[in-house]
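Please go through the briefing below with the model open beside it.

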Amino acid sequence: MKRLFGTFGVRRKANLVLTPELASKLATAFGSLVKRRVAVGGDTRTTTPMLKHAVISGLLSSGCDVIDLGILPTPAVQFAVRNYYDGGIIITASHNPPYDNGIKFVDTDGIGIPDEMEEKIENIYFSENFDRISWDQIGEVESNSNIIEEYIENVIARIDQKSIREAKLKVIVDCGNGAACFTTPYLLRRLGCEVTTLNCQPDGFFPGRNPEPTKDNLKDLINAVKTIGADLGIAHDGDADRTICIDEMGNFVFGDKTFALVEKNLLIENGGGLIVTTVATSSAIYDIASEHGGKVIATKVGDLVVARELKNRNGLFGGEENGGLIFPDFVYGRDAALATAKIVEIMSREKKPLSHLIRELPIYHSQKRKVECPDGRKIEIMDKITDVTRDYKVDTKDGVKIFTEEGWVIIRPSGTEPIFRCFAEAKNEEDVEKMVEWGVSLILEQLNI
Ligand code: MG
């Protein structure tokens, strides 16, 4: 049983639980296994430099050479590792609040390390069985400040620049003061978009908004899109692996809609292909695949699971309902920059506003709720819910997904917070409301027994 790692790395309150000592020991444990050239990068958090230096010390102590990539998006580090290095460590707490930070470990192909390696790191950490080297074998630290440029260039090389240049789209970019400040505004300007920036000064206090790109946190962006009359609003989370869109009317576009839009275009472009997503994603993904020669595989929730499945099965494209899109021929993980460029490309080629493109997709309504539940009760509650729903058609790959005539509802414990998540989807708003309320009531009933 893993004791430190969550769904992607270790994420804790910075300098309270995630101290430089913990960071350094974890990096030494990782370095003890890798022993070669490891790239290190991080987000804009105030505690990132502190933790990064601790991580570098640990890596050197275990016999690695270190390449410091500076402040950059998580997928840019994954891109760098895949192309040049033997492993990577990213200092980031993604969309968590400013006081948190985290460490993500990346394997040589740029994908988050597998469970077995996480367990090995924990074993080394808890047994203090570090493989430290002697003074005369200590490696070197160098920096590589070219990765951001290469990453942007690589995104541009993968899309139809001419159409985008001709469309002259007005885009407002809200980087939430996170790592995307160094990429998205530059990428879009280079593509010929007219870019207005919001919260695009890197700042670890996140003064502009909470780093999670939810509808509530994007009110300023929504207002700006309406006031300026922009074609598109783009928002990212703290480490710039997720992209959320606001359409030209100021509507918040759910992540599964952009996922479906990009899926449709990639399937048409490639004449079909394998799509990987999680059990919590919209049925629209399946509808589009069957219409355009694609096949869908559903995995447990988590971007790492999706990325690994894409790699193992040589998939075309994958993603999650939260705006995390994975282009496996580029980065084995969610990528916000290529996702942004693809959306702009589709709008430019089709010469249609985003709201029209979204309306052309299969229509489903969805609702998400959270129910608080102490971590210690999650297994018991989940077992009870599985038990009371056993007469329905269910999928128990992750939590329980219950299918009814109206649609489906999935109930699963969060891997990172003391909550249950409940997502529902149906063909109309009334049904989805009923489905999600039913899901919440199932959780509450078991909690109160
Ligand atoms: Mg993230």
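Which residue in E18 does Lys 393 stand opposite? Lys 393 stands opposite Phe 403. This is a predicted model, in which local features need pLDDT of at least 70 and side-chain atom pairs count only at pLDDT 80 or more, while totals for chains, interfaces and linings use all residues. Residues are numbered from 1 along each chain as its sequence is written, and side-chain values use heavy atoms, with hydrogens and water left out.

- Strand E17 (residues 393-395) runs antiparallel to strand E18 (residues 400-403) and is joined to it by three bridges; strands are DSSP runs of at least two residues (E), helices are runs of at least four (H or I), both numbered from the N terminus, and two strands pair if DSSP finds at least two bridges between them.
- Four residues lie between E17 and E18 in the hairpin that they form, and Gly 399 in its turn has a positive phi of about 65°.
- E18 also pairs with strand E19 (residues 407-413) in the antiparallel sense, over four bridges, and these two strands form a hairpin with three residues between them.

**The magnesium site**

- Ser 94 (OG), Asp 237 (OD), Asp 239 (OD) and Asp 241 (OD) coordinate the magnesium ion at 2.0 to 2.2 Å; donors are N, O and S atoms within 2.8 Å of the metal (3.2 Å for Na, K and Ca), and because water is not among the atoms, sites may look incomplete.
- Ser 94 lies in the loop between strand E4 (87-91) and strand E5 (100-106), and Asp 239 in the loop between strand E9 (232-236) and strand E10 (243-246), so the pair ties together parts that are 145 residues apart in sequence.
- Along the chain, the donors of the magnesium ion follow the spacing S-x142-D-x1-D-x1-D.
- Both Ser 94 and Asp 239 are buried, meaning under 20% relative accessible area, with exposed over 50% and partly exposed in between (1.4 Å probe, protein chains only).

**The whole chain**

- The protein chain has 15 helices and 20 strands, and 59% of its 449 residues count as buried.
- The chain is divided into domain 1 (10-146), domain 2 (164-251), domain 3 (255-359) and domain 4 (365-447), with bounds from an automatic or database domain assignment.
- The centres of domain 2 and domain 4, taken over C-alpha atoms, are separated by 32 Å.
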